[in-house]
Amino acid sequence: MEVNEQIAIEHGLKSDEYKKICQLLKRTPNITELGIFSAMWNEHCSYKSSRLHLKKLPTKGKKVIQGPGENAGVIDIEDGDAIVFKIESHNHPSFIEPYQGAATGVGGIMRDVFTMGARPIANLNSIHFGSPQHKKTKNLLRGVVHGIGGYGNCMGVPTIAGQTSFDSSYNGNILVNAMTLGLVKKNKIFYSKAAGLNKPVIYVGSKTGRDGIHGASMASASFDEKIEEKKPTVQVGDPFTEKLLLEACLELMAGDSIIAIQDMGAAGLTSSSIEMASKGNLGIEIDLNKVPCRETKMTPYEIMLSESQERMLIVLENGKEETAKKIFDKWNLDFAVIGKTTNSKNIELFFNKEQVAKIPINILVENSPMYDRKWKKSKLPKKNKIKNEVLNKLKIRDVLKKVLSNQNICSKEWIWQQYDHTVMGDTIQKPGGDSGVVRVHGTNKAVAASVDSSAVYCWAHPLTGGKQIVAESWRNLISVGAIPIAITNCLNFGSPEKEENMGEFVECVQGIGEASKYLNFPVVSGNVSFYNQTKEVGIKPTPSIGGVGLIKDYTKMISMDLKEVDNLVLIIGKTEGHIDQSLFARIILDEKNGPPPEVNLFNEKNNGESILNLVDKGYVKSAHDISLGGLLVAISKMCIKGNKGIKFHKSKNLINEIEYFFAEDQGRYLIEVNKEDLKEVTKILNKNSIHHEELGIITQNDMIINEKTKVTIDELKSYYTNWLPTYMS
Amino acid sequence: MKSSVITFPGSNCDRDMDVALKKFGFNNKMVWHDDNELPKSDLVVLPGGFSYGDYLRCGSMASKSRIMQSVINFAKSGGLVMGICNGFQILVETGLVPGVLLRNKYLEFICKNVFVKLDNKENVYFKNLNKDILEFHIAHNEGNYFCTKDQLKEIKDNNQIAIYYCDKEGKIEDQYNPNGSIKNIAGIFNKEKNVLGMMPHPERMIDQSLSGEDGSIFFKNLINNIK
């Protein structure tokens, strides 16, 4: 087939990008080469619209072993142990085919982690759906949950935390972000940088089929009404093969045979071979006839662009082929030497003894397009004036019922009960808390992880929203008694070609950067997903932040369930009554405008660190951060989980009671302390100039808010737990 | 006391079981599915997981593994064989215990704590246990135990029902049945009571930091009974 501009455009390349290719090659590419360019130069693989801005994120720190640029980030958790982690999106495929889309998202992120030599020890996910009333929502939710469970459960990796939200902006574009943490010894981390000449390049795992061809290009385009036609671009997952691949790779990694290893994810054999060679400043030669194929008559084009799952590419030490083959034979996996490293600095492909492609690797990687896209700065919206008469008409109990049973607050047990969250025998904090926590097997340490996003805040003011998510992630780790170490981000946005959406991206990234820098909470890995839009309608900007922290002694872990009657609950951080952009404003006042709550990074840091100090001294019996829904939601959850009540002290607060209970001011926590420790706790808080007040005293049952308002624990439970199972039944 | 845990391709609770058995004093060995011979063992465990990806039918391919012939011979000669979750599914496929395990009634994987009531303590697994109700943990997609009327009569007559799903007071009712199992059955024995298959995972309940400690009670008692 003769390649021309039209064919290039059909491959998702822009006209000037095609011209650049011809110019760089000094000739017209053939179809296989064009396929390779389209795979390497699409948004998903090249980060062409985002690279310029991502460079500004803080990525270094004392605990950072590996920042962005590898398969995943790596942090030091002391004693020679390290945690490898990353979050990644699988949005487009999940909308087209929810089960396989979500499943292969989970499979892909686990491969990124074990490629580096780490055994996956925890999965998390952040999933976002359209309005519950939208006709597709229920099936998409069911399919995605089954897919995530289907893959993670079979792999035997616990899913320990997650986040689910519903918003009509996702009606035509759901989001599925999957995150994995793996454990590795610091001196046994594997990288993707090839080294040495004439080293054998081996292919292991599943055979290559025609599935997923152009998956990465599909993920770099907007949806339209022909979306169903894209189904064949969705990959099909086989978690059983991946489990075998995991065990086989770890077995091989225990020895010293591997020079470099890279999983075949987006853009399959193309990107894995090019990345390894590029990082090693080498060339690579591949004989495509040697690639194990499961379908007949596959062309070089198809072999190079297939996104069949559960495959790895490895550069081996010379003479280790037999050792490696034995291991993969034992696990019944394909093994083939398909090529070698060269000094040509080209990727050279052969098929039926003919050269079918030859491209200088630097053209594909360093010369890939980078755009400084136009973007529009957002203004901070004006505050709404909410009249006291409006608030005074509301009954606390009615509002609490509506807020607690709202789809974005209510219990997600229906979801996480379908995920195996206890396999591996180290899960010490299950889903439903502030963070999931797993022990570092065989030690006293534990690792905490959470995943957060606040699309509404980001939509109202991206800069503040970006900061807020990082702060919330930090608080979620603090609330379980973990020292926050680093984050991974999954940046889900609309089209970068639209100034508004690009502006949302730029300013969210700026906010994330500012907060992570201030909190010393660097970004070590991540992924960008643009074009989350159907026709002209884009999603609300939805960066997801996955935070990871360390608990040095797991017996000191904190959970949110109230522990003991007669203990006191303190509010840490000041309640100013910020109602704009709160869940309360949206669902009770039907008010969608106004600024999100301000994020004061000094307070975040000070409050968080002081709580860790209190935790360390053993004063904190339970803790929970105050976030979506506000104070009353936070205390309700603590009551529900602990099966205890609370009697509120008479409020000395000057702001309206409703504002006090439902405001979403940032930097706040609830902590439970023993009466006898109160003096010492207060002293520490005062010394650090931390605003704190007593909320009330823990009782056997009933939440007694004031003389007029009493809610039983059973009522709270029914508000909190019923919505999702009822909706799904 | 010597134990062996069989690892099939796709097993994923093999390590957890190894940890649990060692914690309570077993000298445990991991045995590869493709081996011919079982090492000398006082107890053989078929662990949970997704052997052969649950393809064809859960447990069916594993039941034909090379090592399984030795396991079957060991069981037939009176050796103790315990199958947990996928291990139970494998046992059913070998015919060592009667019945089948169908997809959960609500067609969803389910992972949570459950209570089980012991039906019969006249066996090496539960003898001398000072509790009748244990809190265990389940995590499965195909735990819906089913057998024919005749089989049910037979296993009842032979006291082969090991545990039932119940509430914390021991009430065996429909609402405490997580997966639709016939008569709330969570685990059964062979006729001789040396083979036990059950869906719940005692190995996930061996530490107060985990889901609970009733697994510890089970394992401690088991090793004492074997001694």
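Which residues have the most contacts inside the largest nonpolar core? Keep that in mind as you load the model. The model is predicted: local features need pLDDT of at least 70, side-chain atom pairs count only at pLDDT 80 or more, and totals for chains, interfaces and linings use all residues. Residues are numbered from 1 along each chain as its sequence is written, while chains are lettered from A and ligands numbered from 1 in the order in which they are written.

**Stop 1: the core**

Select I83(A), V84(A), A446(A), V447(A), V470(A), L670(A) and V116(B). These have the most contacts inside the largest nonpolar core, which has 291 residues. A nonpolar core is a set of buried Ala, Val, Leu, Ile, Met, Phe, Trp, Tyr and Cys residues joined through C-beta atoms within 7 Å. A residue is buried if 20 or more other C-beta atoms lie within 10 Å of its own, exposed if 12 or fewer, and partly exposed in between; C-beta atoms are placed from the backbone. In soluble globular proteins, nonpolar side chains tend to be buried together.

Leaving out residues up to four places away in sequence, V116(B) touches L134(B), F136(B), I163(B), Y164(B), Y165(B), C166(B), A186(B) and P200(B). Touching, or contact, means that two C-beta atoms, placed from the backbone, lie within 7 Å.

**Stop 2: where the chains meet**

Show both chains. The contact takes 22 residues from chain A and 23 residues from chain B. On the side of chain A that touches chain B, the elements giving two or more residues are α8 (137–155) and α10 (239–253) of chain A. The largest share, four residues, comes from α10(A). Helices (H or I, at least four residues) and strands (E, at least two) are DSSP runs, numbered from the N terminus. This side of chain A divides into 10 nonpolar, nine polar and three charged residues. Here Ala, Val, Leu, Ile, Met, Phe, Trp, Tyr, Cys and Pro count as nonpolar, Asp, Glu, Lys and Arg as charged, and the others, Gly among them, as polar.

**Stop 3: α8(A) against α10(A)**

Select both helices. Their axes come within 9 Å and cross at roughly 35°. Axes are lines fitted to C-alpha atoms, for helices over the stretch in contact, and angles run from 0 to 180 degrees between N-to-C directions. The crossing of α8(A) past α10(A) is right-handed. Right-handed means that the near helix is turned clockwise from the far one by less than a right angle; anticlockwise is left-handed. G150(A), Y151(A), C154(A) and M155(A) of α8(A) meet P239(A), F240(A), E242(A) and K243(A) of α10(A). By class, this contact has five nonpolar, one polar and two charged residues.

Stay on α10(A) and pick E247(A). Is E247(A) buried or exposed? E247(A) counts as buried, because it has 21 C-beta neighbours inside 10 Å.

**Stop 4**

Select α3 (residues 31–41) and α11 (residues 268–279) of chain A. Their axes come within 10 Å and cross at roughly 75°. So α3(A) and α11(A) are roughly perpendicular. Angles under 35 degrees count as roughly parallel, over 145 as roughly antiparallel, 65 to 115 as roughly perpendicular and the rest as oblique. I36(A), A39(A) and M40(A) in α3(A) meet T270(A), S271(A) and I274(A) in α11(A).

Next, select α22 (residues 601–616) and α25 (residues 678–687) of chain A. These helices pack at about 150°, with axes 10 Å apart. They are therefore roughly antiparallel. S610(A), N613(A) and L614(A) of α22(A) touch V681(A), I684(A) and L685(A) of α25(A). Four of the contact residues are nonpolar, two polar and none charged.

**Stop 5: loops with a positive phi**

Most residues other than glycine have a negative phi. Pick N332(A), in the loop between α13 (321–330) and β11 (334–342) of chain A. N332(A) is not a glycine, yet its phi is positive, about 55°. N332(A) is exposed, with 12 other C-beta atoms within 10 Å.

Jump to K193(B), in the loop between β10 (185–189) and β11 (195–198) of chain B. K193(B) has a positive phi of about 70° and is not a glycine. K193(B) counts as partly exposed, with 19 C-beta neighbours inside 10 Å.

**Last stop: R397(A)**

Select R397(A), in helix α16 (residues 396–404) of chain A. Leaving aside neighbours within four places in sequence, R397(A) is in contact with T709(A) and V711(A). R397(A) is partly exposed, with 16 other C-beta atoms within 10 Å.
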